[in-house]
There are 8 protein chains.
Amino acid sequence: MTRDDLFQLFTRLASGAVSPEQALYSFQTQPVEELAQGVTLDTHRLARTGQGEVVYGPGKTIPQLKNCVQGLADAGQPVLVTRLSAAKGEALVEIFPDAVFHEHSGLLTLGFSLELDGPYPHSGECIVVTAGASDMGVALEAYGTACFFGLNCGLVSDVGVAGVHRLTPHIENLSKAKVLIVVAGMDGALPSVLAGLVPTPILGVPSTSGKDNMLGGVSSLMAMLNSCSPGVAAMNIDNGFGAAAFASKLCAK
Amino acid sequence: MTRDDLFQLFTRLASGAVSPEQALYSFQTQPVEELAQGVTLDTHRLARTGQGEVVYGPGKTIPQLKNCVQGLADAGQPVLVTRLSAAKGEALVEIFPDAVFHEHSGLLTLGFSLELDGPYPHSGECIVVTAGASDMGVALEAYGTACFFGLNCGLVSDVGVAGVHRLTPHIENLSKAKVLIVVAGMDGALPSVLAGLVPTPILGVPSTSGKDNMLGGVSSLMAMLNSCSPGVAAMNIDNGFGAAAFASKLCAK
Amino acid sequence: MTRDDLFQLFTRLASGAVSPEQALYSFQTQPVEELAQGVTLDTHRLARTGQGEVVYGPGKTIPQLKNCVQGLADAGQPVLVTRLSAAKGEALVEIFPDAVFHEHSGLLTLGFSLELDGPYPHSGECIVVTAGASDMGVALEAYGTACFFGLNCGLVSDVGVAGVHRLTPHIENLSKAKVLIVVAGMDGALPSVLAGLVPTPILGVPSTSGKDNMLGGVSSLMAMLNSCSPGVAAMNIDNGFGAAAFASKLCAK
Amino acid sequence: MTRDDLFQLFTRLASGAVSPEQALYSFQTQPVEELAQGVTLDTHRLARTGQGEVVYGPGKTIPQLKNCVQGLADAGQPVLVTRLSAAKGEALVEIFPDAVFHEHSGLLTLGFSLELDGPYPHSGECIVVTAGASDMGVALEAYGTACFFGLNCGLVSDVGVAGVHRLTPHIENLSKAKVLIVVAGMDGALPSVLAGLVPTPILGVPSTSGKDNMLGGVSSLMAMLNSCSPGVAAMNIDNGFGAAAFASKLCAK
Amino acid sequence: MTRDDLFQLFTRLASGAVSPEQALYSFQTQPVEELAQGVTLDTHRLARTGQGEVVYGPGKTIPQLKNCVQGLADAGQPVLVTRLSAAKGEALVEIFPDAVFHEHSGLLTLGFSLELDGPYPHSGECIVVTAGASDMGVALEAYGTACFFGLNCGLVSDVGVAGVHRLTPHIENLSKAKVLIVVAGMDGALPSVLAGLVPTPILGVPSTSGKDNMLGGVSSLMAMLNSCSPGVAAMNIDNGFGAAAFASKLCAK
Amino acid sequence: MTRDDLFQLFTRLASGAVSPEQALYSFQTQPVEELAQGVTLDTHRLARTGQGEVVYGPGKTIPQLKNCVQGLADAGQPVLVTRLSAAKGEALVEIFPDAVFHEHSGLLTLGFSLELDGPYPHSGECIVVTAGASDMGVALEAYGTACFFGLNCGLVSDVGVAGVHRLTPHIENLSKAKVLIVVAGMDGALPSVLAGLVPTPILGVPSTSGKDNMLGGVSSLMAMLNSCSPGVAAMNIDNGFGAAAFASKLCAK
Amino acid sequence: MTRDDLFQLFTRLASGAVSPEQALYSFQTQPVEELAQGVTLDTHRLARTGQGEVVYGPGKTIPQLKNCVQGLADAGQPVLVTRLSAAKGEALVEIFPDAVFHEHSGLLTLGFSLELDGPYPHSGECIVVTAGASDMGVALEAYGTACFFGLNCGLVSDVGVAGVHRLTPHIENLSKAKVLIVVAGMDGALPSVLAGLVPTPILGVPSTSGKDNMLGGVSSLMAMLNSCSPGVAAMNIDNGFGAAAFASKLCAK
Amino acid sequence: MTRDDLFQLFTRLASGAVSPEQALYSFQTQPVEELAQGVTLDTHRLARTGQGEVVYGPGKTIPQLKNCVQGLADAGQPVLVTRLSAAKGEALVEIFPDAVFHEHSGLLTLGFSLELDGPYPHSGECIVVTAGASDMGVALEAYGTACFFGLNCGLVSDVGVAGVHRLTPHIENLSKAKVLIVVAGMDGALPSVLAGLVPTPILGVPSTSGKDNMLGGVSSLMAMLNSCSPGVAAMNIDNGFGAAAFASKLCAK
């Protein structure tokens, strides 16, 4: 309920169009829809904020996920579910035969089509960059989510600092973008190096790169938080979705 | 053995009703019952403290769990086992066909009936509140345990701060309760926001919300410990049982 | 602004007593008072929640603290400032000669009198218990804050588990209280032992006990979070104020 | 040396305007200026990136800081030094009598004027928001740096979630801005709540708020990394400078 | 090679019984036996230190474990392997049909018989005490190892501080022992309480108690390291073997 | 109050020598002495456990410390205070001119004489060993406390593994002792090496060695907890007092 | 592209042999080869640095790994893949029947033969040393990688400090080597002891030794970082590959 | 005592030149010199290992430091003390007027001259490189120690990845060196970038860079341990001395 909604409600109250009791009731109950299994769906978010509700997969049971997907589909909205394991993804595809599960990124879509198998454009208002091939799972979560939010998005992969020269052909495109999402594991050095080379603000996404490094991604996260180059902000470890959501808000301004 | 028991024992000793040797013996051995497999059951706890013994599932073998359940049942007490995996829960139901295993909450009951599938009352002397649908497992552990301890308990789910307006219809009930149990993962911000809105003391239960976040629930725990709103105390991560036990003691006062 | 205030505002709007523009203005600006130095004082909190605003000392400059104290005094409210260093406490007493600074607890009062030098009552609806004499600073913060909030509060000190027998004379009073605030450093074992002996819910406050232990109080905090006895909730390290605020809300129910 | 510079150099080489030896020499030595004390100043950065070099104060000796300030002043550039202790700030003002040291923010300026004592505008393309008055030091570092980079910047202070209603009068301005810098300590809940209310992307800056909380700001940092509301990215603890630098790059796009 | 061996070698050298070359050779090669798979077995340890070599299971492949067991058996020594998973334990029993695998404790024995199924003696020069039934796996590792080293060992289980009175009947035996091994998870409070009640030195063994607590056993370890009662030393988490080895050295003095 | 005391009390009750009320009273109040400032002194501990009360310095104010010292002196007991800063130590010597403050070890004695300036005996039933000269402060705390508890104690210093040959002349004495207290910082390797060379059980005391290493003494503590040589138990960082208390209990058996 | 390449390019530009456009193109695109699945292969690395590209296994999908292996094989290079699980290793052997998978070390080779089953030479310019048999997996990763890079490498295993005498026969060879790679878990004491005995620089590789110790290898890592003997540098936990790469660069000097 | 010394001793024993008793005595006592204050000086280390003993300053009292310096000077050796605070450094210069204290690096020299004020050579067999001017303190500790050990050492400062082009003029010298010591704080990215550009092995030294970053240097340490470029080994935080000692051993091979 935005400030405008509030003012309209007050105006209608002042004109007698609604009674105080009705106002209070509508104020309290409008945008919330309680489903079974403890799920309270926010189907009005797309209209309110311009970003539709995205279903976060972890910790939800299959019946809960089914309720969320069904609820959004019933509201006529495109559906995106994130961080699904293969087992959960396949279970949902059995329930919703029109849904598509993308295992590498853990994304499931319904009523919306994503092309995640490449080749990828190397330019866009938002470009996802990865340090290594191991970072592709996280990068595809960001890339797919950005596409879901309507961004013109590119993807450049495997150009980490162990061979800085691999960055050269992409500097021009990266400089033109409005924001970069840079996924890197291990030493997390790529955002710092890029921020010293291009004027574009950088959202660093630390990745666990196969979950085989010391303290799973914490090293990379700390490097991004402590970047010696100005212009880097950090997302949580492996949080490709969050980076795309931030980029979407930024590009809408 | 309470202070009153001690005084009675002294009185009977002073009157010669028991000898010093008998007193010492009864003092030492009364409430303890040693079973096989290293289990020492405290079947007198219900009489002593008003809270019956609850069996903590993790780390116990099936034979140990069987002994605990059988021992409590033999003492004529209702049985609650917590934190059971599906495998252990099913094994116990095979041994005790009258027992019921609730997989989402990890609770097993015998000689006592829990209704955990909803719909849930939205009011009560104690209300369990969750930030997200992913928190339902922990919330149901708290809700089920509170019912086991005899509390008049409600449950309101999926009303986290990403959409604060979802809280509005519940403020009145939450203000009337004696204590709230607020389960939240991720940023753990819900207890702080609620404590600024209602006069009810809040037991924050950080949840791991699917165990896919950085440092599993520690973020949420730290937020609750550092709450900027007075009136929040913290339970350990995912400890729905402990919150219900605290609430039970508080409501009995 | 409570639900009742909102309903009254709506009623006045519906009757034309206020215009929509006036309503929106009053809705937005009423309880907030912006002072210099970035301070926004909430002088309406006492009326709204029953607990007056308490000034948190750390991180504030002397000019900021002066503004806060003056603002509350100007509103005719009693003043409590917490966590003051000796240097800041003395500086404020120079500015406000009627204020009293209690160095051991770090509390400063104005327009309100605290008796913090003992002897302390051993009973009350809330009793502060300490494991060691080193915990007195934190205990006095809790005790003083509880008195400020109007609780009937007791204090029992130096009765930790290294000599469990020291607890015996206090068990009766501790059992009668509505809530205990138990301050303990080192192994933090006292809340667990007490929770096995009395039916009273316990707010554990881990203390740094002179800041000379491993990982300053974290050991004690973790023990309280992992208490094996049901009925213990944890406050943050050294957070005597928070425990008293929680107890105050609880006793007001 | 940008891509355009490189192309020009190649063109001049191809035309014989410079020899290969000269090209190599200029390629290597142009923008770097080695001073005494191990300082290598990058006076060309303003021309190259649009952001002048800012001197990071910690870990530098007074002679090193003197060299940095003198070098930038000699190059005719405005000077900003960050994170200066009072002792270092005063020592530099003695050396450079025209410099101004702002103790609350730790900033020193020369050849450039900052107005940091308020009152502050409540609107702008970038708005700094603080949860508490204790966060003002960090907030002023961000505000001052943003002004140094030429942003139209506002500041709203002490509006944390312990009293959410304090946010109401500012929602409209916050919604219109291109980016918010939100400084919060303790539970770090303000960015999550704001991100659920406004469409503006948010740079969260965890603060240590007086360095008296558990694990100095880590709690707040983790809350921002784990924000349940999409649209939040995190800066390092107390890193007001970095947030302003990111905002500056973003607003220049 | 002890100091006496060295002196004898010098004497034989001085008398010409061995040449310098022979001495050097024997000095270097005597007690080491290299097997395949990177295993270097120390079969002389039993004679040298009174404690036979015990095989540490984790991280060894089945071929490595087979070599270790065979090597000790070939040297005519009793064999004890620790920390075996069920899969590895069963694989070894298939290879060595006379071996016995004790799943609850993870121990495997060959040429030596352990009785680990209870009932257990409640007295001895060394007594293993557990706080809960969940601690039995670690306790049996300690108890079995102590028996392997020839100690007269007792075991008392499930007597933690949630019900301190359960300790009473055992105080006399615990006071008479030379050393206690106290296994506790969660808050790890039992060693502190016991050390205030008996004059016996206590080896605290923190346990993970089903690996379901925060930071697996670290809480309990820190409590033991920070014990407020003098007379407690700590072993690593779940290290029942190490406690028994320490106790064995202590009782041999 | 030991088991024997309890039996005697029961006998006197049974014979009518005391009434139940008197019994209860004596049971509750006997060994506790409450002083001002929140101090509860346990002057009966020497008689009860054979170890007199030792005053732990950190976190106590000067008035609290004065009360503790005076209380013990009034009870005719020798006084040992540990972990005193130079400022506190000197303040106490001004109050108690007969007291002696040993700055290097932080110990203060009254009514008891310690010789802490060397040379030190190299043998004893308990021997304190240090890896480096930087460990002497902690070692002297252990050595002085052991002497206070009546142990025949030796001290061997600066024989760490950077030059293992320095250990050779001491192996014989170290093998004969009943227990070793080994103080080491940095890599904490000395206890592991010694435990492979001598049959004596080893109490490892990690030291911060000047507080200039990574994470205080945590590195050394973890090495001792993870010792690959059986026979090592760990005390907390810098806890020389605790090691001496454990050794004293052990040698009294 | 080395400095020499750059000078040659400038010379050809100056002579008109290439145009500026051609120069820029060649500067940007030469050594990078983009494959499907987000893989960018650096097949020129062998020529450029003397070390061929090694494929890091974790986090890559089977299709990605297949692309990497095929790409290197197509370029006529020997292939080494590290850190492969048994499942991935076997999947690759099915795709590339000439490849060999070494399960204990997690290495896969193609077009290159490794002998990893022992017996191992005890001397070489580089010698891998292990503290225990559990460290063999990591040691074989280092040994195999060193052989792949062309080093003359030895391996000595299971000679940890629990029995220091096992080191004696190897001291001469270890002193002659140019560098040692010392793999140790638990207390990580072996590098410190060795660095006090031989003049050879030591690369410490902390190992998780079966992943059953506290904080998986962190203890060992910290010991190596805090080594009291000069001459020890640390690799990351279990990073045998990295140690061999460092040794290879060192021996090539 | 090296293997050759041992063989000589055996030969003299075999020939009767020394008796067994004399041999044992000389074996035990030769290289150790016990001084007062718990200091055991190893004046033979220079002869034995080629590296003279260096005195580690932290944790030593002034009398201990005086003994160490005097002992080495008496043995005719040059003296280097590391990590001295200004207070300790000045105290020692008062005692030893010929000593020189270098405050920026914390080094004190006697009987040996260091030139630490620059300008510094940019080439050498070992080159110290710093990312920022704040790293100079640690860099000078490394540079001074390397000179003390006789290395031909260079120093290049303030060339971090925020402006990668600053590295260009130094690549040739860095490629020719035998080893690089790279000091970097914050994101610690410089070693990774350099290792991708030069064939020289790199010792990364994480620095705290003014101790104002999150978790003081841990971020930088983790980045170096997780370097994505092969050829980087890590020293402990701020351990310039250790890096120089490793480099010295490496260059002597």
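Modeller: Domain bounds come from an automatic or database domain assignment. With that in hand, chain A splits into domain 1 (16-110) and domain 2 (126-252). Keep in mind that this is a predicted model.

Biologist: What makes you say that domain 1 of chain A touches domain 2 of chain A?

Modeller: Contact here needs C-beta atoms, placed from the backbone, within 7 Å. By that test, 10 residues of domain 1 of chain A are in contact with 12 residues of domain 2 of chain A. On the domain 1 side, 3 of the touching residues are nonpolar, 7 are polar and none is charged.

Biologist: And chain A as a whole: how many helices and strands, and what share is buried?

Modeller: Chain A has 10 helices and 11 strands. Of its 253 residues, 60% are buried, so each of those has 20 or more other C-beta atoms within 10 Å of its own. Among contacts in chain A with a separation of 6 or more, 66% link residues 24 or more positions apart.

Biologist: Why are chains A and H described as related by a two-fold rotation axis?

Modeller: Look at the superposition: a rotation of 180° with 0.0 Å of shift along its axis puts chain A on chain H, with an RMSD of 0.1 Å. The two copies are therefore related as by a two-fold axis. In chain A, the C-alpha nearest that axis belongs to A:A189, 2.6 Å away.

Biologist: How do you know that the same surface serves both copies?

Modeller: 100% of the contact residues of chain A recur in chain H. Each chain puts residues into the contact: 24 from chain A and 24 from chain H. On the chain A side, α8 (190-195) and α9 (218-225) each supply at least two residues, and α9(A) gives the largest share, 5 residues. Sorted by class, that side holds 13 nonpolar, 10 polar and 1 charged residues.

Biologist: What makes both faces of strand β8 (residues 153-156) of chain A count as covered?

Modeller: A:C153 and A:L155 lie on one side, A:G154 and A:V156 on the other, and all are buried. So each of them meets the cut-off of 20 or more other C-beta atoms within 10 Å.

Biologist: Why are β7(A) and β8(A) called paired?

Modeller: Pairing takes at least two bridges. Strand β7 (residues 126-130) of chain A and β8(A) have 4 and run parallel, so they pass. One spot to check is A:C126, which stands opposite A:C153 in β8(A).

Methods:
Residues are numbered from 1 along each chain as its sequence is written. Chains are lettered from A and ligands numbered from 1 in the order in which they are written. This is a predicted model: local features need pLDDT of at least 70, side-chain atom pairs count only at pLDDT 80 or more; totals for chains, interfaces and linings use all residues. Copies are superposed by least squares on the C-alpha atoms of residues with pLDDT of at least 70 in both. Two residues are in contact if their C-beta atoms, placed from the backbone, lie within 7 Å. Ala, Val, Leu, Ile, Met, Phe, Trp, Tyr, Cys and Pro count as nonpolar, Asp, Glu, Lys and Arg as charged, and the others, Gly among them, as polar. A residue is buried if 20 or more other C-beta atoms lie within 10 Å of its own, exposed if 12 or fewer, and partly exposed in between; C-beta atoms are placed from the backbone.
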